Amino acid sequence: MAAVSQCCALLLASWTLSPLVSLPSSSGPYHDTLASFWSAQEASLQPACVFSPTDASHVSTALAILSSHTDCQFAIKSHGHAPAAGFANVADGVTIDLSSLNSVQVNVDASIVRVGAGASWLEVYQELDTHRVAVAGGRNGGVGVGGLLLGGGISYFGPRVGWACDAVDSFQVVLAGGQTVTASQRQHPDLFRALKGGGNNLGVVTSADLRSFPQGDILAGTLAHNISDREAVFKAIADLASAKDYDEYASIVLSVNFSPSSRTWTLSEVPVYTKPELRPQVYAPLFAVPNTTDSLHITNLSTYANESPIPQLGFVFYTGTYAATQETLSTVFDVANKTLMGFEQPEGMLLWSVAFEPLPTKFTQRAHNTGGNVLGTQPSDGNAFIVLMSATFANPDANNEVEGLSKELMKNINEETRKRGLLHQFQYSNYADPSQDPIGSYGAENVDSIRRASKKYDPNNVFQKQVPGGFKLV
Ligand SMILES: Cc1cc2nc3c(=O)[nH]c(=O)nc-3n(C[C@H](O)[C@H](O)[C@H](O)COP(=O)(O)OP(=O)(O)OC[C@H]3O[C@@H](n4cnc5c(N)ncnc54)[C@H](O)[C@@H]3O)c2cc1C
């Protein structure tokens, strides 16, 4: 039998922690954690052990132990949806799987919801739908509370509440040495602000109090259009995304998808409306374009977020932000078409997708009065589209090749959009590739404030040195 790593042995030596530590040789939690990662690359890393706390005090005890042994590397996992290998898992280290910290507690008047950082958004919505309230969170129910909030968070409610992190009232955080603090506008406001975009650089968040709002049913579903009708669709969506008075109930994702096997494109949209209206006026120009699919229907958040699980595959994400114009949509499509048609496709390549998500000024102005965030997005940047480029592949050995092709595709897109004055600075960390620098894209002042918070709350740089995964302060 392989020797137990020293760091795992330290946790096993603690009477309270030992039942929560699982080794590769054991059946159960260790393998459940690996199976729960969304991407095959992340699941392929073999930690020395998995530590599965069921209470914030367990996190505190474990951090006190791990941080006092500087050669112990660890990873922090909520729901494991960051695709890049090593973001929430660590080969030969300790992977802290927070998914048992998944409680959802609604206060007396249902205005504040305390969610465990390891809950999935589906677990949150399933509880909240029974109270007819909602919070801003992930659109896919499998995504975790922790990663989404600490990177910002795009929800269906962005134009109403801003980034999901802007709707956080307070975080409970375990600092490197094991001390537990509350970060809010009133307590440790510098830490509070830095966490909202600062990822795993400052501490382990164990729960968040979220401001909720009354919410009934919503309009959701998919529209598909012929790719030959794309300019009409692009115009409808660019007009919506750049409207002077953006309809704050509208939340749409436009995707252009390239099939490497047939070398053809498809065009689809998910036009959500956060009121139970089947044909809202804001989407009238989109409805006027003849479609090939229309599955729009009235539903509720938890039903719609409950997507069917998909097998663990290889995924590469890349991001960029661009002006919300029809020219952006046409330019990105044309460059992607030319680039992807020219690629020799790796074996097992399944899909290339470029998704556009409006980031209107109505969205970016919401950070005011809520303690701010460090993302650096502001109304003066103008209306924008956040792009998520994703590449899906079945052959895990193709990772480096797909990564290289993705980089080339995004380089071509950015060169052309920069030339045309359409490229913005912001890179959304939750959609970024490890080779990108989303934290740097927040701007020098914001990077400085994360750095100051890191110095103050993690003076020994534990989260920089012992937690290799995620976007680090450089
Ligand atoms: C299918 C799918 C749908 C998505 N939908 C959306 C969406 O609607 N809106 C959106 O904005 N994004 C979306 N994303 C992106 C998503 O926000 C990021 O992948 C996010 O990082 C996932 O969070 P997680 O907790 O599941 O991930 P994890 O992989 O567990 O964590 C991601 C990162 O956050 C850190 N982290 C997690 N929890 C904590 C914690 N408690 N304390 C400190 N650090 C922590 C981890 O160390 C890691 O570096 C989606 C991604 C996928 C794959």
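Q: What makes R279 a charge that sits over the ring of F287?
A: In this predicted model, R279 lies over the face of F287, at 4.2 Å from the ring centre. The cut-off for the distance is 6 Å, so R279 counts as a charge over the ring of F287.

Q: How do you know that the charged end of K196 sits over the ring of F192?
A: The charged end of K196 is 3.9 Å from the centre of the F192 ring. A charge over a ring must be within 6 Å of the ring centre, and K196 is listed as sitting over F192.

Q: Why is the pair of W163 and Y428 called tilted?
A: By the rule for ring pairs, the count comes to 23 aromatic pairs. In the pair of W163 and Y428, the centres are 5.2 Å apart and the planes stand at 40 degrees. Planes under 30 degrees apart count as stacked and those over 60 as edge-to-face, so the remaining angles are tilted; the pair of W163 and Y428 is therefore tilted.

Q: Why is W163 called buried?
A: Buried means under 20% relative accessible area. W163 has a value of 0%, so W163 is buried. Y428, at 1%, is therefore buried by that rule too.

Q: What makes the pair of F426 and Y442 stacked?
A: The planes of F426 and Y442 are at 25 degrees, and the ring centres are 6.3 Å apart. Stacked requires planes under 30 degrees apart, so the pair of F426 and Y442 is stacked.

How values were computed
Residues are numbered from 1 along each chain as its sequence is written. This is a predicted model: local features need pLDDT of at least 70, side-chain atom pairs count only at pLDDT 80 or more; totals for chains, interfaces and linings use all residues. Side-chain values use heavy atoms; hydrogens and water are left out. Rings of Phe, Tyr and Trp (its six-membered ring) pair if their centres lie within 6.5 Å; planes under 30 degrees apart count as stacked, over 60 as edge-to-face and the rest as tilted. Buried means under 20% relative accessible area, exposed over 50%, partly exposed in between (1.4 Å probe, protein chains only). A charge sits over a ring if NZ of Lys or CZ of Arg is within 6 Å of the ring centre and within 35 degrees of the ring normal.
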